[in-house]
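Have the structure open while you read.

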Amino acid sequence: MALMICPECGGQVSDKAHACPHCGYPIEELMKKGPEIPEVCLYEYKGETYDVTDIVRTLLAGDRGEAAGILWELLDLKREEVTAVLSSIESQFKVR
């Protein structure tokens with residue numbers, strides 16, 4: 001079980017819930033649709049803007065390792081930075 005933020009009221013709700021316990025928003029239907037991402041996913045890192053669309057799509061496909069590899073090459077990160085930046089991208093684009 002993972003907690004997510006209700007898009008209607010901002011309350012925390014389980015991804016297994018049928019509806020938000022705070023406002024009644026239909027979480028079950030939201031989970032069926034999957035996350036909506038922009039056509040192009042832009043991410044700012046150290047004052048530069050990068051297109052991370054491929055990384056977000058790879059994360060949505062469930063391959064975090066491959067996404068980390070793409071990220072590593074794109075931003076030329078140190079190994080310890082990859083996890084933090086990947087988590088930030090997941091948060092920004094609401095990838096579970």
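In this predicted model, H2 and H3 run roughly antiparallel to each other, because their angle of about 165 degrees is over the 145 cut-off. Their axes are 8 Å apart, and H2 passes H3 in a left-handed crossing.

So who touches whom? On the H2 side it's Ile55, Thr58 and Leu59, and they meet Arg64, Glu66, Ala67, Ile70, Leu71 and Leu74 in H3.

Thr58 is worth a stop. This H2 residue has 15% relative accessibility, so it counts as buried, with the cut-off being under 20%. Leaving aside neighbours within four places in sequence, Thr58 is in contact with Asp63, Glu66, Ala67 and Ile70.

Now for H3 itself. The helix covers residues 64-75, and at 1.5 Å a residue its 12 residues should span 16 Å; the end C-alpha atoms are 16 Å apart, so the two agree. Ala67, Ala68, Leu71 and Leu75 are buried in H3. Seen down the helix axis, those buried residues fall within an arc of 100 degrees, so they line one face of H3. The face turned away from that buried side carries the exposed Gly65 and Glu73.

| Element | Residues |
|---|---|
| Strand S3 | 42-45 |
| Strand S4 | 48-51 |
| Helix H2 | 53-60 |
| Helix H4 | 79-92 |

Key. Residues are numbered from 1 along each chain as its sequence is written. This is a predicted model: local features need pLDDT of at least 70, side-chain atom pairs count only at pLDDT 80 or more; totals for chains, interfaces and linings use all residues. Side-chain values use heavy atoms; hydrogens and water are left out. Helices (H or I, at least four residues) and strands (E, at least two) are DSSP runs, numbered from the N terminus. The expected span of a helix is 1.5 Å times one less than its number of residues. Buried means under 20% relative accessible area, exposed over 50%, partly exposed in between (1.4 Å probe, protein chains only). The arc is that of the directions from the helix axis to the C-beta atoms. Contact means heavy atoms within 4.5 Å. Axes are lines fitted to C-alpha atoms, for helices over the stretch in contact, and angles run from 0 to 180 degrees between N-to-C directions. Angles under 35 degrees count as roughly parallel, over 145 as roughly antiparallel, 65 to 115 as roughly perpendicular and the rest as oblique. A crossing is left-handed if the near helix is turned anticlockwise from the far one by less than a right angle, and right-handed if clockwise.
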